[in-house]
Amino acid sequence: MIEGILIGLSTALTLQNIFMVMIGCFFGTIIGMLPGLGPMTAIALMIPITYGFDPATGLILMAGVYYGAVFGGSTSSILLNAPGVPGTVATSFDGYPMAQQGKAGKALAIAAWSSFAGGTFSAIYLLFLAPSLSKVSLSFRSPDYFALMILGLTAIAAFSSKGQFLKAMMMVVLGLMLASVGQDSLSDITRFTFDNMNLTDGISFVLVVMATFAMSEALTIILKRNDPTAAAKQVSLTELGSIKIDKEDRKKMYKTIPRSSVIGFLIGVLPGAGATIASFLAYGMERNLVNDDEKQKFGKGSVNGLSAPETANNAACSGSFVPMLTLGIPGSGTTAVMLGALLGFGVQPGPRLYMTNPEIFWSIIMSMYIGMVILLILNLPLIPYIARILAVPKNYLIPLILFFSITGIYVMSFNNFDIYLMIGIAVIATFLRLYDFPMPPLILAFVLGGLMEENLRRSLLLSNGSWEFLWDRTLTLCILLTTVFIVIWHIYKTFKKKN
Amino acid sequence: MNINTTKIISLLFFIFSAFYLYTAYQIQVFAFDENAPFNAKTFPIYLGYVGLFFSGLKLILPDPESIKVEHKTLEYKKTAILIIIAIIYGATILKIGYFLTTSFFLFGSYYFLGERRWILMFLLSFPFVAAFMYLLHGVLDIYLRDPFLKLIGVMG
């Protein structure tokens, strides 16, 4: 492990990679502060640029964008009660009241230090857990992987659907259907191409991500007459006050941070769960653990109430890397985008990643520490200035997002068919978004589609066409039973809600 | 059963899944693969059935929270114009080249979204695209085909 850490450090500490972390954190903070534009959009816009670098640098850049966006989201939560990303909703419960009491600077400092500590603790857990889990997952066989992918897709549908489980499952199926277009990986037989040569290689992952996130979010903003930059304009005008945290508050944070980082990390590791659930759980847990006096302050500017969700959402970000790095199965929509990008580099994440590409595996973990330091020393004092950059009118922001999306596709294929296809998918995605059909399950399914088919193929061929492989191994059976439980539970809840 | 747009979307998805399933059955596999436990059409066939299952369930089960969209408040005109500009952009980019089409796309989008600060609109289109092209082509070494710039001798 020491050798791995040194490899990671030597890769992460190159001038280019430090610069990439800085760019990623800065860009992520900017996007994260804009309500409606989340980390997935930010990462999607970055993908074409990352293809100009080696995989480690590309992934370091994307990871920087990810935790930068979560940090940026908490800024608008605290100052405006307008969370930039769902993972920072719980931050606004106590952050916003604190800002209203004239302690905006202190609230931002508590959030920044908690994010820093949560991310750092989580990176330490990742450091120790990831290699061990990789070793364990080497014993996984095709049926286990197949079952695990079904569980991951069901779980993300269950958690991201806001009570609309069936809608999310339909998006999962649509994602898998889109992934099945093009040549079959084994026989090279073309499927669903309708004799169109442009579809022979399948639909590009970047195209689907750009269409369903960047482009469709831009169209949704115009369609709904939203103005995400309005929030930034207000942030740039807000008087922050002192960013000092006094001794008493620091004492409270010392207790909150370790326990919230553990819960955040564990929730992040679970497939489908993520920063949002982690932050709410940490907030709830903290409220139960503090004394009665402190409990009264919750919702009115409590230090514990602000520190807990901020620690947990950053810890969950690092935790979500665990299934991606060790199993090759992303735990969230954001890590699904990263996995897709890695596959584009020709790197197969999974249990063997830390043996075949140790520089990628370890440099991501090491870059997290650097990223957290950069967020703390660079972004905290720069918040008002970043907000000023952001205060551009949406009349400029939307065309620029469309420009980056279309350019991203064009530079990859030099083909206008892809541009038309992207516009078509974006229009459908915009319409589906209006009716609350979630997009992260579609992306996760699209990324996992090929791997899922491959593992089902192996399982069925090994069992001579029999479906017994689903219950032959205890591990496979347990994973499948969990999946069945989630499906039945959510369908039951749909019935119960109506009645 | 209450008919709302979500149900109509589910119905469309049901029809789409049925079409997908039909097309999956039409996939031509090699003769020696026809009776294999797994071939190129196995996974799509299962997917088609799963699509029918979930969209069918959504159709027949009650909606817990009916989504109401206020169509009158939506900005259809500007959205449609942006989509049309993007389609025109796609149609012209190969013939005219990246620099001019992208610059005009940006300039046109700013204009149709209601922007009238001409100098800023110009700066955030032509020089901005030129700088971005330099970043992609000159720094990151990503090739960009541009017949116009080639014609005037700016690009090789």
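Q: Among contacts in chain B between residues at least 6 apart in sequence, what percentage join residues at least 24 apart?
A: The model is a predicted one. Two residues count as being in contact if their C-beta atoms lie within 7 Å. Among the contacts in chain B between residues at least 6 apart in sequence, the share that joins residues at least 24 apart is 60%.

Q: How many helices and how many strands does chain B have?
A: Read from the N terminus, the elements of chain B run α-α-α-α-α-α-α. The count for chain B is therefore 7 helices and 0 strands.

Q: Why does chain B count as more spread out than a compact globule?
A: For 156 residues the globule rule gives 15 Å. The C-alpha atoms of chain B fill a box of roughly 60 × 55 × 25 Å along the principal axes.

Q: What distance separates the centres of domain 1 and domain 2 of chain B?
A: The domain assignment of chain B gives domain 1 as 5–60 and domain 2 as 74–151. Taken over C-alpha atoms, the centres of these two domains of chain B are separated by 40 Å.

Q: Which helix supplies the largest share of the side of chain B that touches chain A?
A: The contact takes 58 residues from chain B and 50 residues from chain A. On the chain B side, α1 (5–26), α2 (42–60), α3 (76–96) and α4 (98–112) each supply at least two residues. By class, that side has 38 nonpolar, 12 polar and 8 charged residues. Its largest share, 11 residues, comes from α3(B).

Q: Which residues have the most contacts inside the largest nonpolar core?
A: The largest nonpolar core has 196 residues. This core draws at least three residues from each of domain 1 (5–60) and domain 2 (74–151) of chain B. Among the residues that I43(A) touches are M62(A), V65(A) and T334(A), not counting residues up to four places away in sequence. Those with the most contacts inside the core are I43(A), M210(A) and M422(A).

Q: Why does L127(A) count as partly exposed?
A: L127(A) is found in helix α6 (residues 104–137) of chain A. A residue is buried if 20 or more other C-beta atoms lie within 10 Å of its own, and exposed if 12 or fewer do. L127(A) counts as partly exposed because its number of C-beta neighbours inside 10 Å is 19.

Methods: Residues numbered from 1 in each chain as written. Chains lettered and ligands numbered in written order. Predicted model: local features only at pLDDT ≥ 70, side-chain atom pairs only at ≥ 80, totals over all residues. Core = buried A, V, L, I, M, F, W, Y, C linked by C-beta atoms within 7 Å. Domains from an automatic or database assignment. Helix = DSSP H or I, 4+ residues; strand = E, 2+ residues; numbered from the N terminus. Nonpolar A, V, L, I, M, F, W, Y, C, P; charged D, E, K, R; others polar. Rg over C-alpha atoms; globule rule 2.2 N^0.38 Å.
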